[in-house]
Amino acid sequence: MRVQRPDDLDRLEVALLDRIAALSLDTAHDEVGAGPVDGDTALRPGSRLTVAHATALFDAQLRSRHLDHAARWLRAQGAAFYTIGSAGHEGNAAVAAALRVTDPALLHYRSGGFYLARAQQRAGHDGVADVLAGLLASADEPIAGGRHKVFGHADLAVIPQTSTIASHLPRALGVAFAIGRAARLGVPSAWPSDAVTVCSFGDASANHSTAQGAINAASYTARQGLPLPLLFVCEDNGIGISVPTPAGWIEASLGNRPGLRYASADGSDLADAYDTTLAVAEWVRAERRPALLHLRTVRFMGHAGTDVESGYRTPAAMRADEERDPLLGTARLLVEVGAMTPVEACERFLRTRAEVRAQAAQMRGARTLGHATEVMEPLAPRRPAEVRAAAACAAPATARQAFFGATLPEDEPSLTLAETINRTLADVLVARPESLVFGEDVGVKGGVYGVTRGLQKRAGAARVFDSLLDEQSILGLGLGAAVSGMLPIPEIQYLAYLHNAEDQLRGEAASLSFFSRGRYRNPMVVRIAGLAYQQGFGGHFHNDNAVAVLRDIPGLVVACAGHPSDAGPMLRTCVAAAAVDGTVSVFLEPIALYHTRDLLEPGDGRWQAPYASPAGWADAHVPIGSGRVVRDGEDVLVITWANGLFMSLRVAARLAATGISCRVFDLRWLAPLPIEDILRHASEVGRILVVDETRRSGGVGEPILAALMEAGHTGPVRRVAAHDSFIPLGDAATTVLVREEQIEHAIRELARVPVES
Ligand SMILES: Cc1ncc(C[n+]2csc(CCOP(=O)(O)OP(=O)(O)O)c2C)c(N)n1
Ligand SMILES: [Mg+2]
């Protein structure tokens, strides 16, 4: 009996239906003879997948496939904007089925079968509507709200991913780590304590250094004996866009990593995919150790709608894949067990097709985002009043006493910048049990510059610890811990070493709230030791003055406290903003000022400050984006920060003796910049010098000059900035950096220029 087929089926659909229809020829059951089979029957002898479960999963697979077709159908009408599909990968439905709906999932863009199978696990959840809304860039799409087509839903514990392949693997590592760590610390977590984190990615993506770093970090963590319930799933279709993966590469390269159990399953065989995943997932859940599932798949319909696969693959190879169609595989198993006839399987295919199309047609024309404000609404919410209140909260006096011992920091003599940061971190650790401090050498050694000294001893190695040497994994650990409910304060040892991991801040940390309408957040304070002026020591990599990559990340807060009196309040603000608004901050620490004590002459102690007791924290609060006048004056306004602040204050003191009075303004926040304060002081003083220790091109000075110009400032403006150079070793360093004599020269010159009043 032939099923009535609509006339707009495409070639892949026709070929699949023909193959399903032909199944009757090689099975024991014909269409008429297939009687009802008990739903509890094993799909295949020995399998733990029942007929009833497999039938439901077949529906998930069918829905996923038809959504791929619907994407192109909608695209052809100009109604949808995304055509990368999951066709050929639908075996991943079995992976979802072998896990729990509460297991956090970070999915490959071809894990549509997984998503729809997981949606089935929540009664009443319409996974098809979610995906269609994503394709249509609907403002009402449940997770990204039209900002991207992602798989994600808070009710399904699916954390949305960006398009940067492999960038989600470090976060997955962090999520898995946080499951064990939260349980050990007894702090609330977003996931059950026996959860398994699942993270899927493609075979070409497996070669990415980000993937390799995360896989290595998982292996390493397992070797350390730390719990890491993490299931990597490599969905291996043998190709990355047009580039074939060498045969056997995934097994050869990932099959034998220390501490990482390997399992391989046929993604075209639902029973095999389910049984294999279930066995490995049970092992991960019970052992709390990581594993990698190699799910062998095919890929249909090219990489995306615009990709012409015939340009790089032979017709024979493409047709051979059709024999491995996972929908054919599931239909075959269901027919063989007598659960349905080939005709019924075809009917199911066509019925699902009609349902998905009807739903797509009905949702077509969904409202899309209309205004920049609407687009940006979840990017970086700010509630300054709540942040102010949270920043003033300390642990109870008894807890602080127990933590600090005999001497509270407010009873110590004036502190340096490094000491102030150290005491503030201690106060955060004692006040917030969910906070973690980690990075290279921060634990036993207490950091290269001693900033975290003593913290591990007091807070314990579960909260202050050394990471492995991989900045992507350090940030990934933070990203995953943060999305799980903790408050990570990772350290990047030097600014220069952020750059190789920068996408973890840009593509992951800063974008999560944006792509999840604030439903998922990753509150974090990333401490980075940086900037130059280390008297020639260390050369280029220990003297890095490049912050442009941070300043242009939407929503990212960049704090830089030059003086110890600001370091405590500003760090508390960053931590409070993380807790209140999910803010991601970079707390940039000028290494050269860490241990500085004096400003003008030896022993003056002007670069130290007393530590404020908690009673004074509210008054001392420094809101995000607020600068301050550090020295008042009326002839020249010097706008600066960090080492520039130190030098400018020295120059200003010298010039005061010559009758030139400088108002020195410390930016304190590099993003967002205190532009309004700057403009106000500019209009009051008139003559302006920007002292910027970053480079002329792309440095912090540029946006200040631009803001002055845009605001119509007509007074004289000068800038001293570093040369567009890397910083050399030894005394030669000073040739490319801003020097005091340049500042002095510029101020003297400016002071001579008449200003119209
Ligand atoms: C970091 C990065 N580089 C390049 C791309 C462009 N790109 C998107 S998908 C893809 C191929 C991925 O292949 P694979 O990992 O095998 O996944 P598949 O699409 O085959 O499922 C590439 C190169 C990207 N998204 N991210
Ligand atoms: Mg691939």
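Alanine 52 counts as partly exposed because its relative accessibility is 42%, where buried means under 20% relative accessible area, exposed over 50% and partly exposed in between, with a 1.4 Å probe and protein chains only. This alanine belongs to helix 2, residues 51-76, helices being DSSP runs of H or I with at least four residues and strands runs of E with at least two, numbered from the N terminus. The model is predicted, so local features need pLDDT of at least 70 and side-chain atom pairs count only at pLDDT 80 or more, while totals for chains, interfaces and linings use all residues. Residues are numbered from 1 along each chain as its sequence is written, chains are lettered from A and ligands numbered from 1 in the order in which they are written, and side-chain values use heavy atoms, with hydrogens and water left out.

- Aspartate 203 sits in the loop between strand 2 (197-202) and helix 7 (209-223), and asparagine 237 in the loop between strand 3 (230-236) and strand 4 (239-240), so the pair ties together parts that are 34 residues apart in sequence.
- Both of these residues, aspartate 203 and asparagine 237, are buried.

**The surroundings of ligand 1**

- Ligand 1 is surrounded by 17 residues, of which His108, Tyr109, Arg110, Ser205 and Ile239 are the closest; a residue is counted as near a molecule if one of its heavy atoms lies within 4 Å of it.
- This shell is made up of 5 nonpolar, 10 polar and 2 charged residues, where Ala, Val, Leu, Ile, Met, Phe, Trp, Tyr, Cys and Pro count as nonpolar, Asp, Glu, Lys and Arg as charged, and the others, Gly among them, as polar.
- The side chain of histidine 108 places an N or O atom 2.8 Å from an oxygen atom of ligand 1.
- Backbone N or O atoms also lie 2.8 Å from an oxygen atom of ligand 1 in the case of alanine 204 and in that of isoleucine 239.
- The protein buries 73% of the 580 Å² that ligand 1 exposes when taken alone, with accessible areas coming from the Shrake-Rupley method with a 1.4 Å probe and, for residues, only the protein chains shown counting as cover.

**Buried residues in loops**

- Glutamine 493 is placed in the loop between strand 10 (487-492) and helix 19 (502-509), and it is buried, with a relative accessible area of 13%.
- The side chain of glutamine 493 makes a polar contact of 2.7 Å with the side chain of aspartate 441, a polar contact being a pair of N or O atoms within 3.5 Å; within protein, one must be able to donate a hydrogen and the other to accept it, and residues adjacent in sequence count only if both atoms are side-chain atoms.
- Arginine 463, in the loop between helix 17 (455-459) and strand 9 (464-466), counts as buried at 11% relative accessibility.

**Cysteines**

- Searching the whole structure gives 0 disulfides, a disulfide being a pair of cysteine sulfur atoms within 2.5 Å.
- Cysteine 560 is in no disulfide, and the nearest cysteine sulfur, which belongs to cysteine 574, is 11 Å away.
- Cysteine 560 is buried, with a relative accessible area of 1%, and cysteine 662 also counts as buried, at 1% relative accessibility.

**Backbone features**

- Alanine 671 and proline 672 are joined by a cis peptide bond with an omega of about -5 degrees, and proline 672 is in the loop between strand 17 (669-671) and helix 24 (675-685).
- Alanine 166, although not a glycine, has a positive phi of about 70 degrees; this residue is in the loop between helix 5 (127-135) and helix 6 (169-185) and counts as buried at 1% relative accessibility.
- Alanine 642 is not a glycine either, and has a positive phi of about 50 degrees; it is found in helix 23, residues 642-656, and is buried, with a relative accessible area of 0%.
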